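Trainee: May we go through this structure together? I would like to begin with its charged side chains.
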Amino acid sequence: MKVVSNKSITALATAALVAFPSIASAAGHASNLRSDDFVGISFWLISMALVAATAFFFIETQRVSAKWKTSLTVSGLVTLVAAVHYFYMRDIWVATGESPTVFRYIDWLITVPLLMVEFYIILRAVGAASAMIFWRLMIGTLVMLVGGYLGEAGYLAVWPAFIIGMLGWIYILYEIFAGEAGKASAEQSSAAVKSAFSTMRWIVTIGWAIYPLGYFLGYLAGGSTVDANTLNVIYNLADVLNKIAFGVIIWNVAVNESDASS
Ligand SMILES: *C/C=C(C)/C=C/C=C(C)/C=C/C1=C(C)CCCC1(C)C
C-alpha cells in the first residue's frame, strides 16, 4: 500500500489555503441564492465539483508512474484555478444577476493554455513533441480568447469579435487534427496514448463547440437583448465537461499505462 507523501499533503494544503478565503467571502452572499435561480445553483454545484476534482487529481499523482505525474498535476491546476474563479463568479451572479465576464475570461486565459499544455505533455511523455506545437496552440488560444473578450466586454461589435474567436479555434483544430501535433500522435505506438489523444481532440472539437454556441445564443440570436441566463448556464456546463471530464480522461490513461508498465 502506498502512503500519501508529504508532497501531496503540501499540494492539498495549498489548495485549501487558496480556496478558503474565497469560500468564506462567498458565504456572505450565500443567503441571497434563490431556490429558483438555477444558473446561480449551477455556479454553486460546479464550484464544489471543481474543488473535489482538484483534490482527486492531486492525490492521484501518487498512484501513477513518473511520466504521468505532470499531466495529473496540470489537470489539478486547471480545476483549482477554475474553482477559485467560480467562487467569485458565483458571488457576482447571485448578487447582481449579471454575467461575470471579466472573471470568466481571466479564468479561461489561465486554464485554456494549461489544457493546451496537456496535449503537449502527453506527446512529450512518449517523446513525440516539438516546441513549435506548443507555441502554435498558444497562438490559437490567444486569438480565440482575445476575440471573444473584445466582443463580450463591448470593445468590438459582437459579430466581428465572434469571427476572430472562431478563427483562433479553427487554427487549434487544424493543428491537433492535421498539423504537427496530429501527425506526431498518429506516428506514435502506444495505443493508450493514441486513444487519449484522440478523445482529448474530440473534447476540443465537440466540448469546446459549446462555448461559441453559448456566445451565439447569448449575444447573436436575440437581436439586441443579451440572454445572460442561457449564456452562463451553457458556459458552466461546458466547463464541467472540458475541465473535469477532460482531466478524468487523462487520469484514466495515466492509471492504465502505469498499471501496465509496473
Ligand atoms: C475551461 C475553459 C475552456 C475550455 C474554455 C474554452 C473556451 C472557448 C473554446 C471559447 C470559444 C469562443 C469561440 C470559438 C468564438 C468566440 C467566442 C468564444 C471565446 C466563446
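Predicted model: local features only at pLDDT ≥ 70, side-chain atom pairs only at ≥ 80, totals over all residues.
Trainee: What do the side chains of Arg 104 and Asp 239 form?
Mentor: They meet in a salt bridge, at 3.6 Å from N to O. A salt bridge here is a side-chain nitrogen of Lys or Arg within 4 Å of a carboxyl oxygen of Asp or Glu. Arg 104 lies in helix α4 and Asp 239 in helix α9, so the pair ties together parts that are 135 residues apart in sequence. Helices are DSSP runs (H or I, at least four residues), numbered from the N terminus.

Trainee: Are Arg 104 and Asp 239 buried or exposed?
Mentor: Both are buried. Buried means under 20% relative accessible area, exposed means over 50%, and partly exposed lies in between, with a 1.4 Å probe and protein chains only.

Trainee: And which residue pairs with Lys 243?
Mentor: Asp 107 does, in a salt bridge of 3.7 Å from N to O. Because Lys 243 lies in helix α9 and Asp 107 in helix α4, this pair ties together parts that are 136 residues apart in sequence. Salt bridges that share partners join Arg 104, Asp 107, Asp 239 and Lys 243 into one network.

Trainee: How many salt bridges does the structure hold?
Mentor: It holds seven. One of them joins Arg 34 and Asp 36, whose closest N and O atoms are 3.0 Å apart. Asp 36 is partly exposed, at 49% relative accessibility.

Trainee: Let us turn to Tyr 105. Where is it found?
Mentor: Tyr 105 is in helix α4, and it counts as buried at 8% relative accessibility. Apart from residues up to four places away in sequence, Tyr 105 touches Leu 145, Gly 148, Tyr 149, Glu 152 and Tyr 235.

Trainee: New topic: what about α6? Where do its buried residues fall?
Mentor: The buried residues of α6 include Phe 162, Trp 169 and Ile 176. Seen down the axis of α6, the buried residues fall within an arc of 165 degrees, so they line one face of the helix. The arc is that of the directions from the helix axis to the C-beta atoms. Among the elements that cover these buried residues are α4, α5, α7 and α8.

Trainee: Which nonpolar residues form a patch on the surface?
Mentor: Trp 159, Ile 163, Leu 167, Ile 170, Leu 213, Phe 216 and Leu 217 do, with about 650 Å² of accessible area together. Accessible areas come from the Shrake-Rupley method with a 1.4 Å probe, and for residues only the protein chains shown count as cover. Patches are made of residues with over 30% relative accessible area and no salt bridge; like charges are joined within 9 Å, and nonpolar side chains (Val, Leu, Ile, Met, Phe, Trp, Tyr) within 5 Å.

Trainee: Which helix gives the largest share?
Mentor: That is α6, with four residues. Phe 216 has its place in helix α8 and is partly exposed, at 31% relative accessibility.

How values were computed: Residues numbered from 1 in each chain as written. Heavy atoms only, no water. Helix = DSSP H or I, 4+ residues; strand = E, 2+ residues; numbered from the N terminus. Contact = heavy atoms within 4.5 Å.
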